[in-house]
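Me: Please show me the structure. Then take my questions one at a time.

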Amino acid sequence: MAGTTGISTHTSPNGAWRITTRKLPILKADPIEALSNDIGIPIPEMIFGDNFVSVTHIPSQWTLEFNVRDALDRVSKTEQGMLQVAVAEEWKKERAHQEEVKQVVKPFDWSYSTDYCGTTHAEKGGEWRDAVGEKEVVRTDLLARQDPIQFFDAVDLYEDELADNGIALLNIKVRMMPERLLLLSRFFLRLDGVVIRIRDTRVYVEHAEKKVVRQYTAKEEEYDVVQEKLRGMRENAPEAFRDANKLAPMLRTIEDRTEVFEVS
Amino acid sequence: MPGLPASVDLDECIARLYRKELLADSVIEAICAKTKELLMKESNVVHIQSPVTVVGDIHGQFFDMIEIFKIGGYCPDTNYLFLGDYVDRGLFSIETISLLVCLKLRYPQRVHLIRGNHESRGVTQSYGFYTECSRKYGNPAVWHHFTDMFDYLSLSCVIDDKIFCVHGGLSPSIHSIDQIKIIDRFREIPHEGPMADLVWSDPDSERDEFSLSPRGAGYTFGAQVVKKFLEVNSMTHILRAHQLCNEGYMVMFDDRLSTVWSAPNYCYRCGNLASVLEVGPGGERKWNVFDAAPENEAHRLEQQNQQQHAGNDPVRDYFL
């Protein structure tokens with residue numbers, strides 16, 4: 001879908017940085033088929049294929065964009081890392097001799113786990129480099145300040161209930177304050193009885209600087225371990241299991257890297 | 001069959017529920033017990049006659065269900081067949097299922113309810129209905145009443161001996177309708193087997209036969225499976241729900257199968273249309289497509305105002 005429908009945009013007070021979001025309904029049948037053919041896997045149940053969030057450095061037109069196609073393209077299209085639902089073993093035993101079932105759908109990571117960190121458009125060249133020193137970090141101390149939020153948006157990219165075996169969800173939150181901006185792209189997976197997974201990408205900009213800091217953090221924990229922890233905390237488990245913010249501190253960090261892009 | 005307690009006036013319950021008022025938990029208990037008795041006598045395959053309006057997933061979107069009655073006619077002027085997934089996800093699962101159950105009790109021959117995969121203890125604990133019951137009634141007793149009653153819901157319906165209606169789809173263990181009739185359905189939906197398949201499986205236009213999902217559980221079924229099932233059972237069409245469609249419905253396999261979806265703007269954010277299927281006296285099918293009810297937006301703004309007063313303004317979401 002082209003045009004400006006569903007688009008919101010906001011520019012920093014110094015005119016250097018711009019956030020753009022687009023929120024539209026889920027895709028219709030034909031675009032879903034086209035997208036599926038394009039990336040080669042079945043598409044999640046709720047697919048907000050026209051949605052995106054981008055951060056642009058206006059003077060250089062450098063843009064970091066988070067779109068659905070590229071996020072799904074990072075989902076494994078082979079058996080690599082493929083999960084099985086909790087009842088899969090039971091199924092194998094019961095249905096081993098089911099003659100009618102002649103085909104097995106081509107394997108892919110049906111949990112839609114993605115390590116997507118955004119798509120970079122750098123017409124003037126340059127590339128991401130590893131962050132160095134204590135200064136190149138996402139400054140949570142500054143971001144925690146109650147500065148006025150001049151622009152806020154939350155945008156869903158896709159969601160799937162995994163045939164009611166849990167939830168897989170990719171969404172993005174973004175907020176712009178007078179001096180800085182923060183974007184959080186979060187992939188959240190809860191596979192009931194199996195695993196909890198959170199993959200966060202944070203994009204942080206001080207408007208006065210010509211620098212983008214991007215941190216990717218992957219966390220994971222076995223479902224039973226989290227359930228045990230929730231019991232210990234006397235949390236309402238059904239509610240907590242739907243709240244990624246509550247679950248995040250209970251997971252093990254398995255990857256954490258910070259990169260920097262210097263714009264011209 | 002013993003009647004409802006004298007204190008329970010069904011017409012009054014229905015009037016209150018149309019106004020989105022909750023019933024007392026003792027009333028819910030009595031109504032669920034009575035519904036069980038009624039459902040117990042239904043076959044796993046209920047035979048009904050046209051005209052009937054068929055409704056897909058509602059998922060607790062109460063205002064949108066009322067919209068269906070506004071566009072399709074109220075009970076008992078219009079006959080209804082609901083294909084399951086009444087609860088979870090939406091904000092008003094209790095009000096939705098309470099009204100449907102009261103209508104079923106009041107007009108048992110004009111309202112038919114079959115079971116969806118969300119009419120289960122397991123699924124409702126993860127997707128909202130359990131939490132809603134605990135929150136609105138202060139304890140999960142009402143959830144127990146409803147989920148115990150769900151065990152009695154029938155699994156399928158046949159309209160005019162021609163249209164097979166089910167929540168999910170077909171099963172590799174079921175070739176003829178008679179095989180559905182012998183399932184022991186009075187139980188929680190099992191993880192596998194024909195009863196699970198009927199409420200879970202999905203059609204797949206790219207394949208001919210049954211396929212196992214890469215998840216390790218769950219089937220999809222293809223064009224040849226549908227064709228054969230219809231031939232064996234002398235039927236013309238399969239009508240099912242279970243899958244979100246942006247246009248509100250989807251017709252597949254040379255008009256041999258259709259999906260009806262009745263939750264517009266699903267989860268209050270998908271922006272999709274919804275539909276009901278009106279099966280006319282001659283068996284002709286007409287899609288009645290509708291959009292989200294305007295009451296949803298009014299309710300959302302009201303909630304937002306309350307949140308802002310409580311200091312939970314989304315514009316002040318200092319996420320890190």
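Reply: Start with a term: contact means heavy atoms within 4.5 Å. This is a predicted model, where local features need pLDDT of at least 70, side-chain atom pairs count only at pLDDT 80 or more, and totals for chains, interfaces and linings use all residues. Residues are numbered from 1 along each chain as its sequence is written, chains are lettered from A and ligands numbered from 1 in the order in which they are written, and side-chain values use heavy atoms, with hydrogens and water left out.

Me: Which residues does A:Ser76 touch, not counting residues up to four places away in sequence?
Reply: A:Ser76 sits in the loop between α2 (68-73) and α3 (88-95) of chain A. Helices (H or I, at least four residues) and strands (E, at least two) are DSSP runs, numbered from the N terminus. With residues up to four places away in sequence set aside, A:Ser76 touches A:Phe108 and A:Asp109.

Me: How many residues apart are A:Arg74 and A:Asp115?
Reply: Their side chains meet in a salt bridge at 2.9 Å, N to O. That term means a side-chain nitrogen of Lys or Arg within 4 Å of a carboxyl oxygen of Asp or Glu. A:Arg74 is in the loop between α2 and α3 of chain A, and A:Asp115 is in the loop between β6 (101-104) and β7 (119-121) of chain A, so the pair links distant parts of the chain, 41 residues apart.

Me: Is B:Ser120 buried or exposed?
Reply: Find B:Ser120 in the loop between β4 (111-113) and α5 (121-126) of chain B. Buried means under 20% relative accessible area, exposed over 50%, partly exposed in between (1.4 Å probe, protein chains only). B:Ser120 has 5% relative accessibility, so it counts as buried.

Me: How far apart in sequence are the parts that B:Arg115 and B:Asp151 tie together?
Reply: These side chains meet in a salt bridge of 3.0 Å, N to O. B:Arg115 lies in the loop between β4 and α5 of chain B, and B:Asp151 lies in the loop between α7 and β5 (156-159) of chain B, so the pair ties together parts that are 36 residues apart in sequence.
Both B:Arg115 and B:Asp151 are buried. The answer is 36 residues.

Me: Which chain A element do the buried residues of α6(B) pack against?
Reply: Those buried residues are B:Phe129, B:Thr131, B:Glu132, B:Cys133 and B:Tyr137. Within chain B they pack against α2 (25-40), α4 (93-106), α5 and α7 (141-150). On chain A, their partner is α6 (237-240).

Me: What area is buried between chain B and chain A?
Reply: The contact takes 49 residues from chain B and 59 residues from chain A. Buried area is the accessible area (1.4 Å probe) that two parts lose on being put together, summed over both. Carbon and sulfur atoms give 55% of it, and the area is about 4,800 Å².

Me: How many salt bridges are there between chain B and chain A?
Reply: Side chains of opposite charge can pair when their charged atoms come close. B:Arg269 and A:Glu159 form a salt bridge through their side chains at 2.5 Å, N to O. Between chain B and chain A, the count is five.
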